[in-house]
Amino acid sequence: MTKVHPNAGIQELAGEFNRQPDTAETSLTVWRKSLLFNCNGFTVFDCKGNLVFRVDNYSSTCAREVVLMDAAGKPLLTIRRKRLSMSDEWLVYNGEETCKPWLSMKKQMNILQSKSVLVYATRVAGGGGYSVEGSYSQRSCMVYDERRQLVAEIRRKEAVGGVGFGGDVFRLVVQPGLESAVAMAIVVLLEQMFGSKGSFSLIR
């Protein structure tokens with residue numbers, strides 16, 4: 001079996017994550033699986049095989065939030081479904097805060113808009129934001145900022161020798177100026193909105 005993560009020890013990999021916009025292109029390997037027993041989620045590695053992000057869901061009961069953690073389990077972002085919303089809208093908070101969201105992410109529902117647009121993400125304060133285009137089921141998505149600059153991309157990951165991993169392992173390429181944690185939050189939201197029927201639910 002092709003190796004997904006070259007460095008396997010969680011405790012050895014765990015470290016402090018600097019939540020600053022990346023200054024160089026960052027390529028992450030996203031594994032649609034939790035490393036913890038009997039959990040659903042995501043495990044994310046950098047290009048050196050170091051654990052960067054985790055999403056671990058212990059419960060199968062339906063609630064309305066997902067927590068993105070660093071390698072040591074420290075909450076970085078909490079994503080909560082907006083209550084009493086007529087659309088599929090989620091709010092992103094720093095850490096485990098419960099007030100003052102800084103990003104709103106909404107599923108594209110307007111049939112007059114481009115069919116390629118999946119999600120709009122708007123900064124709550126300061127305006128601007130991101131749009132996501134492409135196909136999440138095919139693991140082929142582009143994230144653009146308000147200036148239509150490409151800031152992140154989801155791509156299929158090819159193993160050495162040309163053997164494909166399938167949809168559960170893919171690449172997240174983040175351009176300078178965007179936090180990797182924000183890009184990963186967008187991935188989590190795409191899974192919630194467009195994940196295949198019968199797949200695991202991250203919401204707890």
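**View 1. Arg148, in the loop between E10 and strand E11 (150-156).** Helices (H or I, at least four residues) and strands (E, at least two) are DSSP runs, numbered from the N terminus. This is a predicted model, in which local features need pLDDT of at least 70 and side-chain atom pairs count only at pLDDT 80 or more, while totals for chains, interfaces and linings use all residues. Residues are numbered from 1 along each chain as its sequence is written, and side-chain values use heavy atoms, with hydrogens and water left out. Arg148 has a phi near 65°, a positive value in a residue other than glycine. Its relative accessibility is 46%, so Arg148 is partly exposed (buried means under 20% relative accessible area, exposed over 50%, partly exposed in between, with a 1.4 Å probe and protein chains only). The charged end of Arg148 sits over the ring of Tyr144, 4.0 Å from the ring centre. For a charge to sit over a ring, NZ of Lys or CZ of Arg must be within 6 Å of the ring centre and within 35 degrees of the ring normal.

**View 2. The ring pair Tyr136 and Phe170.** Rings of Phe, Tyr and Trp (its six-membered ring) pair if their centres lie within 6.5 Å; planes under 30 degrees apart count as stacked, over 60 as edge-to-face and the rest as tilted. That rule gives 1 aromatic pair. Here the centres of Tyr136 and Phe170 are 6.4 Å apart and the planes meet at 85°, so we call it edge-to-face. The pair ties together distant parts of the chain, 34 residues apart: Tyr136 is in the loop between strand E9 (129-135) and strand E10 (140-145), and Phe170 is in strand E12 (residues 169-174). Tyr136 is buried at 2% relative accessible area, and Phe170 is buried too, at 0%. Tyr136 also has Arg139 over its face, 4.2 Å from the ring centre.

**View 3. Inside the nonpolar cores.** A nonpolar core is a set of buried Ala, Val, Leu, Ile, Met, Phe, Trp, Tyr and Cys residues joined through side-chain atoms within 4.5 Å. The largest one has 42 residues, and Phe42, Phe53, Leu172, Met184 and Leu190 have the most contacts inside it. Helix H2 (residues 180-194) supplies the largest share of this core, 11 residues. Another core, of 5 residues, lies apart from it and includes Phe45, Leu51, Ala71 and Val169.

**View 4. Arg54, a buried arginine in strand E3 (residues 51-57).** The relative accessible area of Arg54 is 15%. The Arg54 side chain makes a polar contact with the side chain of Asp56 (2.7 Å) and reaches the backbone oxygen of Ala71 at 3.3 Å. A polar contact is a pair of N or O atoms within 3.5 Å; within protein, one must be able to donate a hydrogen and the other to accept it, and residues adjacent in sequence count only if both atoms are side-chain atoms.

View 5. Strand E5 (residues 75-81) pairs antiparallel with E6 over 5 bridges; two strands pair if DSSP finds at least two bridges between them. Ile79 has Val92 in E6 as its bridge partner. E6 and strand E7 (residues 103-107) also run antiparallel, joined by 4 bridges, and Glu89 stands opposite Lys106 in E7.
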